[in-house]
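Visitor: Hi, I'm new to this one. Could you walk me through it?

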Amino acid sequence: SELRRIRWNGVPVAEENACGYAPMSEPIHVVCPHCDAVNRVPGDKLGRGAKCGKCRSPLFQGTPLALDEHRFNTHVQRSDLPVLVDFWAPWCAPCRIMAPAFEQAARQLEPQARLVKVNTEEAQGLALQFGIRSIPTLVLYKGGREAARTAGAMDAHRLIAWTQQYL
């Protein structure tokens, strides 16, 4: 059946199908992992191949996103999605051991959360700003604010469970 969008002041507010009207879910701001554009995505369409309105790339790929100091603020402050940050360093053995688990967690937690990695050797200003004293350190941001923090490597199961308790 074909859907017809009902708009109010140019904003979609409902869809009409053969059964009648259904209200659309509240749009969620999602930052594109490719061009950093902020996209408004209906909440019920997050997991259905959402694409960036600017660069047309997928908004979710199921892999952690590497961020530098410049891009970090855009993704944490402008996204409505919780952002789980892995502060790590290339010389850190526990960080390297945890990397596959973090990738597995990204596949399972997206689109409910965005998983990102910050290399503390390259983004020393962020490590200093957020008081990162041991690595790996995981910090979950919700609404641009720190919601939870833990230090130490975890396997994928524990990482996912730890994150889900704060979503």
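This is a predicted model: local features need pLDDT of at least 70, side-chain atom pairs count only at pLDDT 80 or more; totals for chains, interfaces and linings use all residues.

Visitor: OK, how many residues does the largest nonpolar core have?
Guide: That core has 17 residues, and Leu84, Phe102 and Trp162 are among those with the most contacts inside it. A nonpolar core is a set of buried Ala, Val, Leu, Ile, Met, Phe, Trp, Tyr and Cys residues joined through side-chain atoms within 4.5 Å. Buried means under 20% relative accessible area, exposed over 50%, partly exposed in between (1.4 Å probe, protein chains only).

Visitor: Which elements give two or more residues to this core?
Guide: Helix H2 (93-109), strand E9 (137-142) and helix H4 (156-164). H2 gives the most, with 6 residues. Helices (H or I, at least four residues) and strands (E, at least two) are DSSP runs, numbered from the N terminus.

Visitor: And what is Phe102 in contact with?
Guide: Leaving aside neighbours within four places in sequence, Phe102 is in contact with residues including Pro64, Leu115 and Leu138. Contact means heavy atoms within 4.5 Å.

Visitor: Switching topic: how many aromatic pairs are there?
Guide: The count comes to 6 aromatic pairs. Rings of Phe, Tyr and Trp (its six-membered ring) pair if their centres lie within 6.5 Å; planes under 30 degrees apart count as stacked, over 60 as edge-to-face and the rest as tilted. Phe72 and Phe130 make a tilted pair, 5.4 Å centre to centre with 50° between the planes. Phe72 is in helix H1 (residues 69-78) and Phe130 is in the loop between helix H3 (124-129) and E9, 58 residues apart.

Visitor: Why does Phe130 count as buried?
Guide: Because its relative accessibility is 19%.

Visitor: And why is the pair of Phe130 and Tyr141 edge-to-face?
Guide: Their planes are at 70°, so the pair is edge-to-face, with ring centres 5.7 Å apart. Phe72, Phe87, Phe130 and Tyr141 form one aromatic cluster.

Key:
Residues are numbered from 1 along each chain as its sequence is written. Side-chain values use heavy atoms; hydrogens and water are left out.
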